[in-house]
Amino acid sequence: MKIGLFGGSGQLGRALQLDLAALGEVVAPTRQQLDLTDSAALQQWLAQHRCDVLVNAAAMTQVDAAETDTELAMQLNQHVVKQLAEYAAQHNIWLVHFSTDYVFDGSGETAWLETDECRPLQQYGRSKRAGELAIIAAGCQHLVIRTSWLYDSQGQNFLLTMLRQAQQATTPLRIVADQIGAPTYAPALSTFVSQILEQLLKLPQQQARLRSGIYHLCAQGHCSWFEFATAIFSAAKDLGLVEQMPEVVAISSRELARTAARPQNSRLDTGKVQATFNLQLTDWQQQLQQCLNVLKNSAKTGK
């Protein structure tokens, strides 16, 4: 089996490259090998490689930049997705695609269901929702995985920013306390998605098709960014990753001047994915510990 993976150099893509290798040959073009903004080049790549499954972890995820660079956001988050979905439909293969809690407006305090109305607050969310709708319109067999607050032990993310600031902070760190979600460790997400895909590929096609759809998949439990930051510093100090816990001050979203609005309630209900695929999801504290242990080990080995 040949699996085409797009966005393989990102924090989720790196984990997927490792996990999907257990299911078949993973072909993950780099940005230098394939420019996803070039539709003709993507079409040519798909025709040349003839994959049995497509996994799309590529996206424009810079939320504030998407407000001004709307064309690039739509190209990567909708047009590329549409092209992949149409190819998957024509060749009767699965498309796995990753979406976001930002398709919701963040109102209320209950966890969002897959069937809840999408009312994104910003261009990033609108472009990601457009990608979801393009997949549905194409009619291909699909897993659209909505996740939240993704981070890893590499790359650019909230956790690494916090650890860096902990070493440099001379004044209290001001962290938003009125946005609630589930911080999700990219390798944990990748493991669960690979398990789902493995199950689907073993099922008779008709049974597998019944499981096609949108799923919410993130760490269990929820917290604010302020609570997440506090947990990061506490666990990192215990592991010796930071010398001392910096002072942290809780602020409201309004106090943080940002170009794009963020949803305040990013809780995602994961009941559907757990019931459909019999998954035992781990909580966000456990995933945080996993990530910090990786950082501790890499500090020891220098890798």
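Contact means heavy atoms within 4.5 Å. The model is a predicted one, in which local features need pLDDT of at least 70, side-chain atom pairs count only at pLDDT 80 or more, and totals for chains, interfaces and linings use all residues. Residues are numbered from 1 along each chain as its sequence is written, and side-chain values use heavy atoms, leaving out hydrogens and water.

Q: Which elements do the buried residues of α2 pack against?
A: They pack against β1 (2-6), β2 (25-27), β3 (53-56) and α4 (70-91). Helices (H or I, at least four residues) and strands (E, at least two) are DSSP runs, numbered from the N terminus.

Q: Which residues of α2 are called buried?
A: Buried means under 20% relative accessible area, exposed over 50%, partly exposed in between (1.4 Å probe, protein chains only). In α2 (residues 39-49), L42, W45, L46 and H49 are buried.

Q: What puts these residues on the same side of α2?
A: They cover an arc of only 95 degrees around the axis, so they lie on the same side of α2. The arc is that of the directions from the helix axis to the C-beta atoms. On the other side of α2, A40, Q44 and Q48 are exposed.

Q: Why are β1 and β3 said to pair?
A: Two strands pair if DSSP finds at least two bridges between them. β1 and β3 have four bridges, in the parallel sense, and therefore pair. L5 has V55 in β3 as its bridge partner.

Q: In which sense do β1 and β2 pair?
A: They pair in the parallel sense, over three bridges. K2 stands opposite E25 in β2.
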